[in-house]
Amino acid sequence: MPGDTQLTALTACPRCDKSPLTPKGDGYRCGACKVDYPSIAGIPWLFAEPDATLGEWRNRLQYSLQQLSNDSQRINASLSDEGMSDLTRRRLQHQREAADEHRNMLRKILEPVDIRSSQASYESYIALRTRLPGDQGISTYYNNIHRDWAWGDAENATSLEQIRTIANGGESLGKTLVLGSGACRLAYDIHMQLDTEQCVAMDFNPLLLLVAKSVMSGQATELYEFPIAPKSIDDFAVLRTLSAPESIRDNFNFVLGDVLRPPFARGSFDTVVTPWIIDIVNEDLPVQAARINQLLKPEGRWINFGSLAFNHPNRARCYSIEETLEIIEQSGFSAPTVHEERIPYMCSPASRHGRQETVVTFAASKNKNVQPPARHKALPDYIVTGKEPVPALKSFRSQAMSTQIHAFIMSLIDGKRTIGDMAAILEQQKLMSKEEAIPALRSFFTRMYDDTQKSAGL
Ligand SMILES: C[S@@+](CC[C@H](N)C(=O)[O-])C[C@H]1O[C@@H](n2cnc3c(N)ncnc32)[C@H](O)[C@@H]1O
């Protein structure tokens, strides 16, 4: 809860790091920055630019709702085909009903985000260099909700066992922070089954935390699951009742915030848990490790859990386990204790799809303070200040060239020309030979065609 004295003592302003924040109404305020941080259905919204982040999430919500609505219209169009089989009709009707109900459910759950948002401060948002990654929408990790609170008991228990094993059974975790907590089942299990004094679960996706809060407070919540590979017609959309084994005990807090700008005071936590997150965020591991070092008390422990699948255009940043462990030791931690186990992952009973992952769990104790990392910059200065020259990067130049060609090709679409006609024009313009142009045009139009065929991606 905002205003909760235990949580307040841990907070720091995500803009200026001043600690603690001052409770104000049902949210917080930083007196130094003169910024109010609201609470969204009782969850503090501690992003560096709170209004603009609300605006961004609101846009993403509207986008998801729009996609669901488009999906429903497409299904209606398909249903108007009288020649379809009874089974196909039954499946489509089921999917349309689920898409419509799902849209209403999402809108209701996310009402607090929708109402409170404002677009006003996008400029300052950019200026603060914080922004949501473009690939994160409301429904990213949506399936985690169902694993956490519907069908995933065995997977959830196995995950907790990895943490219990590495945390040495009965040893207290003290004040614990779970970063990128998702739908929060692991944070819940850690708080309910291991010895924590306080547990703070932080994520930046409001859908995940709003559902988690409602379920963990004992309210059974209904939501549709849309399995990746449905086992039957009914499995294309399954209405699940989400529930927790029991209501969460005291001293558990939810925080909406950015892992790259954690709104917590230096040296606040005895344990920081990073489940399936260090290889997700767009920040180099040594920087993340220094930030986690900063959040921990002396002798505090960092517990990591996940598959270590780093993916970055700079291959040097896609670390192996050997490099990962070395980076941790170089970041003010003891040599990590490591446990590896092969576990089931996202094996919904309604889906033919499901994975096995060999997860790495490690624990390392902080043995010294390291140089705090600079504030995370999501964007470079030439975009933010507009006062530096835009660099003539090789990649920009080749993008510019292909954009020009694409614009030219689009201008050739007149409802009459064939690919062959267009290839002849590209050759006349000395852009490429006809032989090269035909396959290039074909793949360009294939991409455009594919884009028009994309569904809502539930
Ligand atoms: C792979 S999921 C793991 C979720 C959860 N830890 C679990 O094990 O089920 C990654 C989570 O990190 C969150 N996330 C990614 N980047 C983040 C950021 N910069 N700040 C806060 N949360 C972030 C996502 O919303 C998502 O819930």
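**Chatting through the predicted model**

Reader: Quick one to start: does Val 390 count as buried or exposed?
Author: Val 390 counts as exposed because its relative accessibility is 56%. The cut-offs are under 20% relative accessible area for buried and over 50% for exposed, with partly exposed in between (1.4 Å probe, protein chains only).

Reader: And what am I looking at overall?
Author: This is a predicted model, in which local features need pLDDT of at least 70 and side-chain atom pairs count only at 80 or more, while totals for chains, interfaces and linings use all residues. Numbering runs from 1 along each chain as its sequence is written, and side-chain values use heavy atoms, without hydrogens or water.

Reader: Thanks! Where does Val 390 lie?
Author: In the loop between α12 (381-384) and α13 (394-412). Helices here are DSSP runs of H or I with at least four residues, strands are E runs of at least two, and both are numbered from the N terminus.

Reader: Switching to sheets: what is the order of the seven strands in the open sheet?
Author: The order is β10-β7-β6-β11-β12-β14-β13, and the pairing is mixed. Strands count as paired if DSSP finds at least two bridges between them.

Reader: Which strands stand at the edges?
Author: Those are β10 (252-256) and β13 (337-345); each has a single partner strand, so one side of each lacks a neighbour in the sheet.

Reader: How do β7 and β10 pair, and over how many bridges?
Author: β7 (residues 196-203) pairs with β10 in the parallel sense, over five bridges. Met 202 has Val 255 in β10 as its bridge partner.

Reader: There's a three-strand sheet too, what's its order?
Author: That open sheet runs β1-β2-β3 with antiparallel pairing. Its edge strands, β1 (22-24) and β3 (35-37), each pair on one side only. β2 (residues 27-30) and β3 share three bridges, and Tyr 28 has Tyr 37 in β3 as its bridge partner.

Reader: Now aromatics: how many pairs does the structure hold?
Author: There are 12 aromatic pairs. One of them joins Phe 310 and Tyr 319 edge-to-face, at 5.7 Å centre to centre with 80° between the planes. Rings of Phe, Tyr and Trp (its six-membered ring) pair with centres within 6.5 Å; planes under 30 degrees apart are stacked, over 60 edge-to-face, and the rest tilted.

Reader: Is Phe 310 buried or exposed?
Author: Phe 310 is buried because its relative accessible area is 14%. Tyr 319 is buried as well, at 11%.

Reader: Which residues form an aromatic cluster?
Author: Trp 276, Phe 305 and Tyr 345 form one.
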